[in-house]
Amino acid sequence: MKKFSLLIIAMMLVLSACGKSGSNNGAGDNSVASAAEQGSGGQENNKTSGNGEEKPVELSFYFPVAVGGPITGFIDKLAADFHQENPAITVKPIYAGSYQDTMTKVVTAVQGGNSPDLAVLLSTELYSLLEMNALEELTPRFSQDYFGGFYEAFMSNTKSGDQVWSVPFQRSTIVMYYNKDMFKAANLDPEKAPANWSELRDFAQKLTVKDSAGKVSQWGLEIPSTGYQYWMLQALSLQTGTNIVSNDGTEVYFNKPEVKEALQFYTDLGRKDKVMPEGVLEWATVPSDFISGKTAMMFHTTGNLSKVKSDAKFDFGVAYLPANKNYGSPTGGGNLYVFKDIPEERKAVAIKFIEFLTQPERVAQWSIDTGYVGTTKAAYDTELLKNYVAGFPQAAVARDQMEYASSELSTYQNGQVTKLFNDNIQSALLGEITPEEALEKSQQQADDILKKYRK
């Protein structure tokens, strides 16, 4: 009987201890702020330890380095600032190389059952990640007012239907950079960039300089032809009146007449007009050529604006891309993605970090530091960005061009579709096939890949 009584007492002590342990996980937890709390539907977030303190959480944050400038230092500082505000949370940036390298590493991690918590990947990778069932849907995690604060052209590449799967972060468009000193030397108005294709060709001819032997010492224009030539052609196509992709990632329109006109113009600049180098123009070489004075104008991402500003030893301008029938540029750059196969508490903390990154002052500072476009309208209302734009008006051009921006090429099997399109465009630029042949071939190859995704 005595043994039985002792057994009853021991059981009561165990039950009492369990009840005390469970009380630490109730409504008193205050793990994550605003949108993370509202969006999680009351689920537990960053759980507390037994003494009431938050348990340490470490987030893996995959990040690409795709343009010039000390971007890793900026990311390290953001992670450190976030940790200072949230001592229980450590964000561990993992610098994974180019966007393509980062995507490869993310795919490998997901397939190996070791998903990152958060990553910056190209906005165009959406359908590839959805097909892998890798993403956490973000629609219920944030309010519609939150999403409404971003420029709509940037939000286009975050959605499939009405569902939001990523948040705009380091976003860009293509703009024209031009050397004002070279404009003056060619008797061109340094405050007037070419407004249309006709002026672009005319200005580029006047800005192309040859030595006595007929060798070009200064090009009028450079447009990259590696890595992102599809992006450049998409800009020219938008200026001619059409986009090259549907809004559900299942169809492309590579062989439309407007795209053929655009590729013919792109090809002629080098092969016929002789105002741009023939052959391959490396993506990373073009900004260096501009900064070193080898070309008077270039088409390139706004993500290089800060580098040009810091390294160019001459007065330069930034302008809209010249129009054909209208102005136009695709958006570009990377979004923030949260991954599905991670614990709920890390999802909630990832949402909190996204909120931190997208506060107006931080979006403004990121734009100033990197040259990427401020992704939210509120960022341009901060005194920080107002003062910066007042002193450096070139920073406002990409924002103003957003009125004419459209979503970037993004499809299912996006890597395959983009590669075949890039390869065929480059073949046309090299004169190996005609623009029409390049586009018909691209259309047929893309249709073969995408037909299984059409309803």
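**Reading helices and loops in a predicted model**

Guide: In this predicted model, N133 lies in the loop that runs between α5 (126-131) and α6 (144-148).

Visitor: What is the phi of N133, and how should I read such a value?

Guide: As a general idea, most residues other than glycine have a negative phi, and most peptide bonds are trans. In this structure N133, although it is not a glycine, has a positive phi of about 55°. N133 is also partly exposed, with a relative accessible area of 48%.

Visitor: Where is Q413 found, and what is its phi?

Guide: Q413 sits in the loop between β12 (405-406) and α18 (414-429), and Q413 has a positive phi of about 50° although it is not a glycine. Its relative accessible area is 23%, so Q413 counts as partly exposed.

Visitor: Turning to helices, which residues of α16 are buried, and which are exposed?

Guide: The general idea is that an α-helix has 3.6 residues a turn, so residues three or four places apart point the same way. In α16, which covers residues 383-391, the buried residues are L385, Y388 and V389. Seen down the axis of α16, these buried residues fall within an arc of 95°, so they line one face of the helix. On the other side of α16, the exposed residues are E383, N387, A390 and G391.

Visitor: What do the buried residues of α16 pack against?

Guide: They pack against two helices, α13 (305-311) and α15 (360-370).

Visitor: How do α3 and α15 pack, in angle and in distance between axes?

Guide: Two packed helices are described in general by the angle between their axes and the distance between the axes. Here α3 (residues 71-85) and α15 pack at an angle of about 160°, and their axes are 10 Å apart. That angle makes α3 roughly antiparallel to α15, the cut-off for this term being an angle over 145 degrees. The crossing of the two helices, α3 and α15, is right-handed. On the α3 side the contact is made by I71, F74, I75, L78 and E85, and on the α15 side by R362, W366, D369 and T370. By class, the residues of this contact of α3 with α15 divide into five nonpolar, one polar and three charged.

Visitor: At what angle do the axes of α9 and α11 cross, and within what distance do they come?

Guide: The axes of α9 (residues 197-207) and α11 (residues 257-271) cross at roughly 10° and come within 12 Å, which means that α9 is roughly parallel to α11. W197, L200 and R201 of α9 make the contact with E261, A262 and F265 of α11. The contact of α9 with α11 has four nonpolar and two charged residues, and no polar ones.

Visitor: Is Q229 buried or exposed, and which residues does Q229 touch?

Guide: Q229, which is found in helix α10 (residues 229-240), has a relative accessible area of 2%, so it is buried. Leaving aside residues up to four places away in sequence, Q229 touches P224, Y266, N422, I425 and Q426. Q229 and W283 are 54 residues apart in sequence, while the C-alpha to C-alpha distance between them is 8.6 Å.

Visitor: How many helices and strands does the protein have, and what percentage of its residues count as buried?

Guide: The protein has 19 helices and 12 strands, and 55% of its 455 residues count as buried. Among contacts between residues at least 6 apart in sequence, 74% join residues at least 24 apart.

Methods: Residues numbered from 1 in each chain as written. Predicted model: local features only at pLDDT ≥ 70, side-chain atom pairs only at ≥ 80, totals over all residues. Heavy atoms only, no water. Buried < 20%, exposed > 50% of the residue type's maximum accessible area, 1.4 Å probe, protein only. Helix = DSSP H or I, 4+ residues; strand = E, 2+ residues; numbered from the N terminus. Arc of directions from axis to C-beta. Contact = heavy atoms within 4.5 Å. Axes fitted to C-alpha atoms, helices over the stretch in contact; angles between N-to-C directions. Parallel < 35°, antiparallel > 145°, perpendicular 65-115°, else oblique. Nonpolar A, V, L, I, M, F, W, Y, C, P; charged D, E, K, R; others polar. Left-handed = near helix turned anticlockwise from the far one by under 90°.
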